[in-house]
Every structure is written in structure tokens, then in C-alpha cells.
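Here is a short report on one protein chain. Keep the sequence and the 3D view open as you read.

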Amino acid sequence: MKKILAVLLVGLLVLTGCGSKDKDKEPAATTGQDVKIGSAVISTGKTAEAGEKDGSFETNIYYATVVMKDDKFVNVQIDVNQNKQTFKADGTINAADIKGSKKVLGKDYGMVKNSQIKKEWFEQIAALEEWMVGKTLAEVKGIKTEAKDDAHPAVPTEANLTSSVTISVEKYIEVVEKAVGNLVEVKNVAKVGNSSTAVTGKEGLELTTNVTAVALDTEGKVVYSFTDAAQSKGKIEAGKAEFTTKPLTKLELKEEYGMKEFGKATLEWYEQAKAFDEWAIGKKPADLKDADVVSSVTITPTGLVNGVKAAAERAVGI
């Protein structure tokens, strides 16, 4: 009996040893976290009068997605989609050159040539995001800054940021705070990402920026989805452009956006966006198809689906 037990024990030890070696060769499994995630968008714009040079109608759409645990930032993602339309003094609108977000542009954004610290925008925003990790919202809002000039009213003077961030950070702090106000609890989160695209209207001055944020679980399925859009319209009179819409996103406008009234829809835009976000939960981005989108979504689904896929491609581990 003792001999049998001894043989069994030896066998177990051999199997355990082999199992350990095989396990060491395998890549570590991605671990999901139970966290809070929030996203937000801030729409701003400016114009320039046409004269010897073309006039311009420009939008700057700031957006952020934050991940928090125990009231501290675990991950922060900030980006800006900056685009403009130009026009002649007679009101003729030129063909627009729509670009990607500042992060997508990367080195092509061209800040480094005018940077005292020789860092591009994407490098500086990455340093600011990293500085926020591990801090509370109050600590982030308490960032020390100084005004360099009218265009740079809040440049960081924090000892560990002076050599890495010379951009003015007031809008980035603002959009992060706004994202914190939209926090929701999400379980088993492995990756988080966001993205944006901009398009012009069919005629006149009009720029619409679509923003999407997603969180994926350990299996690559969507566990969080956020969809919003900022639609800015304007008019030209005597060589000058002015905005004719409020600086609010479609989610913020709610019923005021008027899709039910003017688009003959059964649900407002913000209600349809919510329905789409709920529909995307539990699915892998690659499996999303326009034809499968819930019947309550009457807005063109292609942009919504592509937004989730793009945000998922940019997702990073938390």
C-alpha cells in the first residue's frame, strides 16, 4: 500500500512539474478590472474674416475618456479633432481638407517645429495623461499653471511637467472633469480606447465631428460604448462667418436637436445613440454589421459601427 502511495505521489510531482514548465511558456492571460469609465465632449469654434487671405470657419472638438478606481485615475485618454472650412471674400466656400485627430496626425500635426522643448502635441498630451494617473480629480484640477500669453493661459509649472508639457491645458482639464461627471461602473475591463471622425455638410458652412469610446473585456467584447457628435453650422455675410448653432453636442441638445420634428424619426438622436450603445454591448467590434443594428436606430448606422471599430483598434490595456 505504501509503495502504491509513493508511486502516486511521484507521478503527481512529475505531472505538476511538467505543468509548471508548460505554463511558464504560455503568455500571461489578460486580467479584466472592475472600474468606472466616463467620456465627454466639448465643442468650441472660431472664425476669421476673409480679406486678402481666405476666411475660415474652424471647430475644435475636445474629447476624453477616463478610467477610475478608488476615486483615482487609472487611465486617461484625451484628444482633439481640429478642422476648418475656408472661404473667399465673395462667400465662395473652398473644398475642405478634413484631417484626423491630433493624436492620429502624430508628427504630421507639426507642433515640434515651434516647440521650445521639441515635443509634438501627441507627446505632450501623453505626458499630461500619465501625470494624471494615480491622482484624484481634485489633485488634477489643482495643477499649477501660469499664463504665457492670450493663447496660452494655463501652461503647467509643475516640476515634473515643465520639460514635457508647454501646451495650455485648461480645456483638457475641463473635458476630463466633464468625463468624470459621466462615470458608470463597468466590469471585466481589459482595454479602453476612443476615436473621432469629421465630415462637412453638403452645402454651406457645416462641420460634424463624431466621437466614440469603447471598453473591451478579456474576450475582446464590448462592455462599454459611448457615442456623441458635435454638429456646427455657420453662415457668411460680408466676408465674415458666424456660428448659427449652439456649442453643444447632440447628446447635450437632446430634444432641441430636433430629429423627431424635422427628420420624422420616432426617437431623438440622443435616444438612438443610447440604443446603439446598448446594442453593441456583448459583441466583438469586428462582428458588428450595419444590417444588424437595432430597428430603433434610424440614423445611418455605418458611422456608428465604424466608430466602435476605430475606437477598439486604438484601445490600450489598463
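## A hairpin to start with

Gly234 has Phe243, in strand 10, as its bridge partner. That bridge is one of four that join strand 9 (residues 222–237) to strand 10 (residues 240–243). The two strands run antiparallel. They form a hairpin with two residues between the strands. Look at Ala238 in this hairpin: its phi is positive, near 55 degrees.

## The whole chain

This is a predicted model. The chain has 318 residues, and 41% of them count as buried. It holds nine helices and eleven strands. Along the principal axes, the C-alpha trace spans about 105 × 55 × 35 Å.

Strands of a sheet pair through backbone hydrogen bonds, either parallel or antiparallel. Which kind of pairing does the open sheet of four strands show? The pairing is antiparallel, and the strand order is 3-2-1-6. Strand 3 (72–87) and strand 6 (184–189) are the edge strands. Each of these pairs on one side only. On average, neighbouring strands of the sheet are turned by 30 degrees against each other, direction ignored.

Within the sheet, strand 1 (residues 33–48) and strand 2 (residues 55–69) are joined by 13 bridges.

## Two nonpolar cores

In soluble globular proteins, nonpolar side chains tend to be buried together. The largest nonpolar core here has 29 residues. Those with the most contacts inside it are Phe73, Ile78, Leu128, Met132, Val169, Tyr172 and Val176. Which elements each supply at least two residues of this core? They are strand 1, strand 2, strand 3, helix 3 (121–132) and helix 5.

Leaving out residues up to four places away in sequence, Val176 touches Ala64, Val66, Phe73, Val76, Ile78 and Met132. A second, separate core has 22 residues. Val214, Leu216, Trp279 and Val293 are among them.

## Aromatic rings

How many aromatic pairs does a search of the whole structure find? The search finds four. A pair of aromatic rings is described by the distance of the centres and the angle of the planes. For Phe276 and Trp279, the centres are 5.6 Å apart and the planes make 35 degrees, a tilted pair. Both residues lie in helix 8 (residues 269–280). They are three residues apart, about one turn of the helix.

Finally, find Tyr270. Lys254 lies over the face of this ring, at 4.5 Å from the ring centre.

Note on methods
Residues are numbered from 1 along each chain as its sequence is written. This is a predicted model: local features need pLDDT of at least 70, side-chain atom pairs count only at pLDDT 80 or more; totals for chains, interfaces and linings use all residues. Side-chain values use heavy atoms; hydrogens and water are left out. Two strands pair if DSSP finds at least two bridges between them. Axes are lines fitted to C-alpha atoms, for helices over the stretch in contact, and angles run from 0 to 180 degrees between N-to-C directions. A nonpolar core is a set of buried Ala, Val, Leu, Ile, Met, Phe, Trp, Tyr and Cys residues joined through side-chain atoms within 4.5 Å. Buried means under 20% relative accessible area, exposed over 50%, partly exposed in between (1.4 Å probe, protein chains only). Contact means heavy atoms within 4.5 Å. Rings of Phe, Tyr and Trp (its six-membered ring) pair if their centres lie within 6.5 Å; planes under 30 degrees apart count as stacked, over 60 as edge-to-face and the rest as tilted. A charge sits over a ring if NZ of Lys or CZ of Arg is within 6 Å of the ring centre and within 35 degrees of the ring normal.
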